[in-house]
Amino acid sequence: MEFVDSFFEGAKYATAVFISDKARKALIKLAKKNRQAAGHVLKRLEFYAGAGLRLYEGDKKPIRHEWDGVYRIGEPSSLFRLLGFYDAEDKTSFVIMDAYQKHGQSLSSGDRGRIDEVAKVRKNQLWRKRTRGSP
Amino acid sequence: MSVRELKDILSQFENTAESRGLELRLSLSEIVLRKLDELGWTQKRLADEAEMKESFISRVVHSNANWTADTAGKVLFALGLTARVQEHHPETPALRVVPGDVGRQVISYKREETNVKSTTTWYQEAASTPWKPQTGAA
């Protein structure tokens with residue numbers, strides 16, 4: 001079971017964003033190597049949440065649907081990628097389940113495996129929002 | 001474990017000049033994407049209208065283009081928009097900022113000498129509408 005924390009939530013954000021421990025750790029790892037790069041990713045994500053992620057979705061746009069309801073959010077300056085899915089049909093809530101550094105422009109088998117893994121978590125609802133008493 | 005560490009990283013980044021540049025790029029991207037949706041245009045159509053390469057429009061959309069004011073002007077003109085940057089203080093808001101509103105707060109910074117937070121807002125309007133400052137709290 002994956003637990004996710006509220007990251008960007010409230011009236012300021014058209015899309016609420018939640019983040020898993022795994023994605024959070026990957027971002028902190030990125031920040032240890034390159035703080036500015038991590039800042040770029042977080043600033044971009046916060047801005048998208050404010051405007052609503054839906055605006056940025058689509059072919060030739062920063063948020064791309066991969067498959068099985070999994071979306072990839074790109075950061076062009078560092079090839080860092082966030083993977084997640086919408087929590088509800090109205091797309092007002094998004095869960096970031098994984099984050100990683102890509103090593104090339106095209107989708108590698110490792111990238112595909114990560115997307116499949118996130119799709120599995122989504123499909124089987126293997127995640128929960130963290131509440132008091134959660135691990 | 002919490003997300004506080006990530007928020008701290010974000011907060012530190014927001015206190016850099018690089019962050020202000022990124023926010024301007026993100027803001028232009030948002031304005032362009034909203035208008036493209038409204039007009040039902042593709043990025044290719046915008047590129048044609050603005051007489052620019054589609055790859056440049058794609059970089060604008062991805063907030064990756066280090067555009068000049070003149071090139072941003074060409075994109076906005078092709079979309080029939082004007083955009084202005086205005087500094088204002090949150091204590092006396094110049095514009096009510098809500099999702100989907102015509103304007104959006106894009107820059108937030110602290111003035112060290114006065115310890116007063118200031119913000120800069122892009123104004124986005126139809127080109128035919130004369131621009132006038134909006135004052136007063138919403």
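**Exercises on a predicted two-chain model**

The buried residues of helix H1 (residues 4-14) of chain B are Leu6(B), Ile9(B), Leu10(B), Phe13(B) and Glu14(B). The model is predicted.

**Exercise 1.** Determine how the buried residues of H1(B) are arranged about the helix axis.

*Solution.* Step 1: Begin with the general rule that an α-helix has 3.6 residues a turn, so residues three or four places apart point the same way. Step 2: View H1(B) down its axis; the buried residues fall within an arc of 135 degrees, and therefore line one face of the helix. Step 3: Turn to the other side of H1(B), where Arg4(B), Asp8(B) and Ser11(B) are exposed.

**Exercise 2.** Identify the edge strands of the open sheet in chain A.

*Solution.* Step 1: Write the order of the seven strands, E3-E4-E5-E6-E2-E1-E7 (chain A), whose pairing is mixed. Step 2: Strand E3 (63-65) and strand E7 (127-129) of chain A each have a single partner strand, so these two stand at the edges, with one side of each left without a neighbour in the sheet. Step 3: Examine E7(A), which runs parallel to E1(A) and is joined to E1(A) by three bridges. Within E7(A), Lys129(A) is the bridge partner of Val4(A).

**Exercise 3.** Describe the side of chain A that touches chain B.

*Solution.* Step 1: Count the residues in the contact: 27 from chain A and 24 from chain B. Step 2: Find the elements of chain A that give two or more residues: strand E1 (2-8), helix H1 (21-33) and helix H2 (35-51). Step 3: Note that H2(A) supplies the largest share, 11 residues. Step 4: Divide the residues of this side by type, which gives 14 nonpolar, four polar and nine charged.

Note on methods
Residues are numbered from 1 along each chain as its sequence is written. Chains are lettered from A and ligands numbered from 1 in the order in which they are written. This is a predicted model: local features need pLDDT of at least 70, side-chain atom pairs count only at pLDDT 80 or more; totals for chains, interfaces and linings use all residues. Two residues are in contact if their C-beta atoms, placed from the backbone, lie within 7 Å. Helices (H or I, at least four residues) and strands (E, at least two) are DSSP runs, numbered from the N terminus. Ala, Val, Leu, Ile, Met, Phe, Trp, Tyr, Cys and Pro count as nonpolar, Asp, Glu, Lys and Arg as charged, and the others, Gly among them, as polar. A residue is buried if 20 or more other C-beta atoms lie within 10 Å of its own, exposed if 12 or fewer, and partly exposed in between; C-beta atoms are placed from the backbone. The arc is that of the directions from the helix axis to the C-beta atoms. Two strands pair if DSSP finds at least two bridges between them.
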